[in-house]
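Thank you for making time for this.

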Amino acid sequence: MPVNHEFDDPEAPPRSTTSQRLKVLGALIVPLLLFAAFRPDTVRAAWDEVARIIELKSDPLPASPPRISDHETEELGSLDAQHQAELLMERAINHYSGAIELIGQHVDGWQGQLELNPHLSGLQETALNSSDLRVRAAALEIYLAAYKIPKTDIGLENLRIRIANEPGSRPFALWMLGALGNRGVEPERAFHTLMDYVNDRDEATRMWAVEGLAHLGTDETIRPLLDSFHNDLSLKVRERAACSLAQSGMLTKNQRMTAVPELLNYMDDTSLDPNTQRWVFQALEDITGAGIGPDPAAWRNWWANHNRN
């Protein structure tokens, strides 16, 4: 409880009583009313100034049309690859019309020319958490370009070789394999390779295989993510699987919704520890936006009504 220093200081003046406060308030209000009567324009101008303060409400308030300007489009040609990527990713994160398309047009030319410096790395992290999957996809494209991974069968095979022969490189290679498969390079082969490691003895390998599945984002990844969430012995792996089902990675909302029936079965599964039980309800809330809380009966009722609608 914070200390009220007004009571602690013996030299502090006594606090005013209610009657004293009313007398003071009345003394202030009378001159203010007289001022408003004789100078209404001044009072109105002061009020208008206060009214211009932007309130922090949920409705968007555009500052300008969210589109790449002609000036910026023309300027791109004079920028090197690094600054092109940084500018366009900034604009993509802020949902500027045309930014993602321009990334798509330029990204193949950025191969091997990008440095994941603090600025670009920060933009990439923000992009991977965007509510727009197109922005996340743009981030994957930039990662592939920065790490010089070609979007070809050879690029995928090189990652598979590293996963098999370089245990120390597995976290990186498993994640990038999922990203490469998401961008359309042999997603089935990427899926089967990731599945070879999702039950590996090494905790870190399993965790990054789960991350790879999340970023691959095909329909087939839902079942193994649910299995890892429910069955993996590692708290870290279960947490990453829960996040992958709920929000992170490249699954669409519709794909995530297909996990809901199984998550409902997990709600009162006594084999799950308290942390995993809590993540079940968090995942349900993140996927559906229903905001029901840890109430199994309410969730089942909501799901039954949702399916009827």
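How are H5 and H6 oriented relative to each other, roughly parallel or roughly antiparallel? Please keep in mind throughout that this is a predicted model. The axes of the two helices, H5 and H6, come within 8 Å and cross at roughly 150 degrees. Angles over 145 degrees count as roughly antiparallel, and H5 and H6 are therefore roughly antiparallel to each other. As for handedness, the crossing in which H5 passes H6 is left-handed. If you look at the side of H5 that takes part, you will find Gln 84, Leu 88, Met 89, Arg 91 and Ala 92, and these meet Ala 99, Ile 100, Leu 102, Ile 103 and His 106 in H6.

Let me step back to the whole chain for a moment. The protein chain holds 18 helices and zero strands, and buried residues account for 39% of its 309 residues. Of the contacts between residues at least 6 apart in sequence, 61% join residues that are at least 24 apart. The chain exposes about 18300 Å², of which carbon and sulfur atoms supply 55%.

Now to H8, which covers residues 133-146, and whose 14 residues reach 20 Å from the first C-alpha to the last, close to the 20 Å expected at 1.5 Å a residue. Here 12 of the 14 residues are buried, so H8 is largely enclosed by the rest of the structure.

Lys 148, which follows H8, lies in the loop between H8 and H9, and has a positive phi of about 60 degrees although it is not a glycine. With a relative accessible area of 57%, Lys 148 is exposed. Glu 186, likewise a residue other than glycine, has a positive phi near 45 degrees, and its place is in the loop between H10 and H11. Glu 186 has 24% relative accessibility and counts as partly exposed, since that class lies between the 20% and 50% limits.

I will stop there and take comments.

Definitions and conventions:
Residues are numbered from 1 along each chain as its sequence is written. This is a predicted model: local features need pLDDT of at least 70, side-chain atom pairs count only at pLDDT 80 or more; totals for chains, interfaces and linings use all residues. Side-chain values use heavy atoms; hydrogens and water are left out. Helices (H or I, at least four residues) and strands (E, at least two) are DSSP runs, numbered from the N terminus. The expected span of a helix is 1.5 Å times one less than its number of residues. Buried means under 20% relative accessible area, exposed over 50%, partly exposed in between (1.4 Å probe, protein chains only). Contact means heavy atoms within 4.5 Å. Accessible areas come from the Shrake-Rupley method with a 1.4 Å probe; for residues, only the protein chains shown count as cover. Axes are lines fitted to C-alpha atoms, for helices over the stretch in contact, and angles run from 0 to 180 degrees between N-to-C directions. Angles under 35 degrees count as roughly parallel, over 145 as roughly antiparallel, 65 to 115 as roughly perpendicular and the rest as oblique. A crossing is left-handed if the near helix is turned anticlockwise from the far one by less than a right angle, and right-handed if clockwise.
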